[in-house]
Amino acid sequence: MCRLFGLHAGPRPVRATFWLLDAPDSLSVQSRREPDGAGIGTFGADGKPHVAKQPLAAWEDHAFAREARDLKSTTFLAHVRYASTGALTLANTHPFEQDGRLLAHNGVLHGLDELDRRLTELGVMDLVLGQSDSERLFALITAETRRSGGDIGAGITRAISWIARELPVFSLNFILSTATELWALRYPATHPLYVLERDPAAAPDPPAPLDVRSRRIHSRSTELARSPHVLFATEPMDHNPGWRPMASGELVHVGPDLAVTSTVPFPADPVHLLTLADLEPSAAASQRP
């Protein structure tokens, strides 16, 4: 299945080299199991998003490695893809950008014709540039956020509630990022999503390395070793015992000051819950753990 990664480092831009390249289960390592594309989304000092992505596995994409080493940002969003819907093209590669926000998704939803009718009704079908269900999911969130006066949390809640009520759903796990905030959703319990709140100030002095078992921590990872940050990932990426699995239906928000809030605004399961047996063989293969 696709892998998600999100990082919020607070107000000071940092590099995410450790988590993207050097951790025992870095995103580059995970991409050897997810071969269909990789991308990194960051934000510049002006708050504008920057997306670097290719329909190639991260481990064989030299641009991914270069961006992972060099980019600095207050928030990071990265994704490695195992395609379920849409061709292996740049337009279908995550993260997606809409209204200055970024989103990456792990899962499958059906009923795309009905979803397209809803997007057309809301006037946002022009946001969909590829064939993926993920980009359509983002367009609905964007539409509902606009209708909520720019309130992203409300937009997410309205969009996911409509999908859970109206469409067949396998998994809607996603991470959404701005320059100052992150939202992460696990829904339903089909796929895991983990969160880690890392505060070196609460650790012994001097701060411990990011992972004492790793022999490949580069010097550029030391800035994260010294500063607090919040991480989201499809699976724990190092041996830190603080990784916590999010609950089914849990929506986590990380604010500009790294304050973490959690709500569970959705029913236990979507009305039309799909299983692997309901998916086409290629989609089922992409969604197996």
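Predicted model: local features only at pLDDT ≥ 70, side-chain atom pairs only at ≥ 80, totals over all residues.

Colleague: At what angle do helix α5 and helix α6 pack, and how far apart are their axes?

Modeller: The angle is about 125 degrees, and the axes of α5 (residues 133-147) and α6 (residues 152-166) are 7 Å apart. That angle makes α5 oblique to α6.

Colleague: Which residues make the contact?

Modeller: On the α5 side they include Leu-137, Leu-140, Ile-141 and Glu-144. On the α6 side, Ile-156, Arg-158 and Trp-162 are among them. By class, the contact has nine nonpolar, two polar and three charged residues.

Colleague: New topic: how many salt bridges does the structure hold?

Modeller: Nine. In one of them, the side chains of Arg-147 and Glu-144 meet at 3.1 Å, N to O. Both residues lie in α5, three residues apart, about one turn of the helix.

Colleague: Is Glu-144 buried or exposed?

Modeller: Glu-144 is buried, because its relative accessible area is 2%, under the 20% cut-off. Arg-147 is at 46%, so it counts as partly exposed.

Colleague: What does Arg-158 form a salt bridge with?

Modeller: With Glu-144, the closest N and O atoms being 3.2 Å apart. That pair links distant parts of the chain, with Arg-158 in α6 and Glu-144 in α5, 14 residues apart.

Colleague: And what about Glu-166?

Modeller: Glu-166 forms a salt bridge with Arg-165, at 3.3 Å between the closest N and O atoms. Elsewhere, shared partners join Arg-118, Glu-121, Glu-144, Arg-147 and Arg-158 into one salt-bridge network.

How values were computed: Residues numbered from 1 in each chain as written. Heavy atoms only, no water. Axes fitted to C-alpha atoms, helices over the stretch in contact; angles between N-to-C directions. Helix = DSSP H or I, 4+ residues; strand = E, 2+ residues; numbered from the N terminus. Parallel < 35°, antiparallel > 145°, perpendicular 65-115°, else oblique. Contact = heavy atoms within 4.5 Å. Nonpolar A, V, L, I, M, F, W, Y, C, P; charged D, E, K, R; others polar. Salt bridge = Lys/Arg side-chain N within 4 Å of Asp/Glu carboxyl O. Buried < 20%, exposed > 50% of the residue type's maximum accessible area, 1.4 Å probe, protein only.
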